[in-house]
Amino acid sequence: MRRFPLVRKLIQKFHPEAIPGIAAALYDIAGKTRYFRRYYEIMAGDISEFCKAEGSVLDIGTGPGRLLIELHKRRSGLRLTGIDLSAAMVSLANRNISKAGLVHAIRVCEANAAHMPFPDDSFDLVTSTGSIHHWKDPVLGLNEVFRVLKPGGHALMYDIVSDTPAQVKRQVIHEFGRLTASLLWIHAFAEPFYTCESFEALARSSAFEQGRIRFAGMMACLALTKKGQGILSNG
Ligand SMILES: C[S@@+](CC[C@H](N)C(=O)[O-])C[C@H]1O[C@@H](n2cnc3c(N)ncnc32)[C@H](O)[C@@H]1O
């Protein structure tokens with residue numbers, strides 16, 4: 001995609017930000033498959049490394065809410081909040097949370113990453129998986145993440161990148177099989193994913209001023225810290 005800047009610009013212009021009704025329902029069905037279940041396990045395992053037993057976590061672009069449910073299994077003392085721009089996704093998430101008997105532990109509401117309905121310094125940890133490449137103004141979104149994070153809190157922004165290193169691809173093929181891995185890379189042409197460099201550049205343009213990329217499963221994780229003293233921080 002880096003070789004086709006105009007195509008990339010066009011896709012970005014027409015790429016929907018909120019996932020609409022029928023696509024949300026299909027995404028929710030896909031979320032039940034072995035592949036997605038493993039994906040949520042990997043993400044929840046990685047995120048919970050940054051959480052102590054208690055605290056507040058916000059998941060932006062939570063989709064059908066399955067990551068929050070998986071996080072609750074690992075850290076039942078966390079106060080979990082999800083937002084999504086898509087009303088259809090929010091209603092699917094609330095249905096899944098209710099089916100899992102977790103309405104007391106997880107709340108999900110409709111909101112935009114660019115204007116979040118939370119006071120400053122609200123959350124110990126903010127995360128987002130596979131959503132930031134949809135955001136129309138990702139720097140504004142990251143500035144909002146900075147605002148709602150408590151000082152010392154971490155943000156873990158996960159997304160697929162278009163230049164995934166070869167050893168990460170090999171690991172994905174090993175774990176998910178060649179067909180799934182191929183579908184994933186084909187997907188990278190349909191969606192305007194960042195490169196590692198442009199993903200880190202977003203952090204530099206935001207209030208965080210810097211961010212570091214590492215990989216968790218197939219996802220690049222842009223790790224950000226709001227300087228100060230936090231209760232969930234492990235590093
Ligand atoms: C590919 S889905 C990922 C869902 C989930 N995080 C996962 O990993 O399965 C991206 C989600 O981000 C949401 N989204 C896109 N732009 C958003 C924004 N500006 N604010 C909040 N949510 C947004 C979409 O509606 C969609 O549900």
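## Leu140 and helix H6

Leu140 counts as partly exposed, because 14 C-beta neighbours lie inside 10 Å of this residue. The model described here is predicted. Leu140 belongs to helix H6, which covers residues 138–148. Along the chain, Leu140 and Ala114 are 26 residues apart, yet a distance of 5.6 Å separates their C-alpha atoms.

Seven strands form an open sheet with mixed pairing, in the order E3-E2-E1-E4-E5-E7-E6. Its edges are strand E3 (106–110) and strand E6 (212–216), each of which pairs on one side only. On average, and with direction ignored, neighbouring strands of this sheet are turned by 20° against each other.

Strands of a sheet pair through backbone hydrogen bonds, and the pairing may be parallel or antiparallel. Strand E5 (residues 149–159) and strand E7 (residues 219–225) run antiparallel and are joined by six bridges. Opposite His154 stands Thr225 in E7.

In soluble globular proteins, nonpolar side chains tend to be buried together. The largest nonpolar core of this model holds 55 residues, and the members that touch the most others are Val57, Leu71 and Val126. Helix H5 (residues 87–99) gives the most to this core, contributing six residues.

The contacts of Leu71 can be listed in detail. Leaving aside residues up to four places away in sequence, Leu71 touches Ala44, Ile47, Ser48, Val57, Leu78 and Leu80.

## Surroundings of the ligand

The ligand is surrounded by 21 residues, of which the closest are Gly61, Gly63, Ser86, Ser131 and His134. Sorted by class, this shell contains ten nonpolar, nine polar and two charged residues.

## Two residues with positive phi

Asp121 is located in the loop between E3 and E4. Although Asp121 is not glycine, its phi is positive, near 55°. Asp121 counts as partly exposed because it has 14 C-beta neighbours inside 10 Å, and a residue is called exposed at 12 or fewer.

Glu209 is placed in the loop between helix H9 (196–205) and E6. Its phi is near 70°, again a positive value in a residue other than glycine. With 11 C-beta neighbours inside 10 Å, Glu209 therefore counts as exposed.

Technical notes: Residues numbered from 1 in each chain as written. Predicted model: local features only at pLDDT ≥ 70, side-chain atom pairs only at ≥ 80, totals over all residues. Helix = DSSP H or I, 4+ residues; strand = E, 2+ residues; numbered from the N terminus. Buried ≥ 20, exposed ≤ 12 C-beta atoms within 10 Å, placed from the backbone. Pairing = 2+ DSSP bridges. Axes fitted to C-alpha atoms, helices over the stretch in contact; angles between N-to-C directions. Core = buried A, V, L, I, M, F, W, Y, C linked by C-beta atoms within 7 Å. Contact = placed C-beta atoms within 7 Å. Near = placed C-beta within 6 Å. Nonpolar A, V, L, I, M, F, W, Y, C, P; charged D, E, K, R; others polar.
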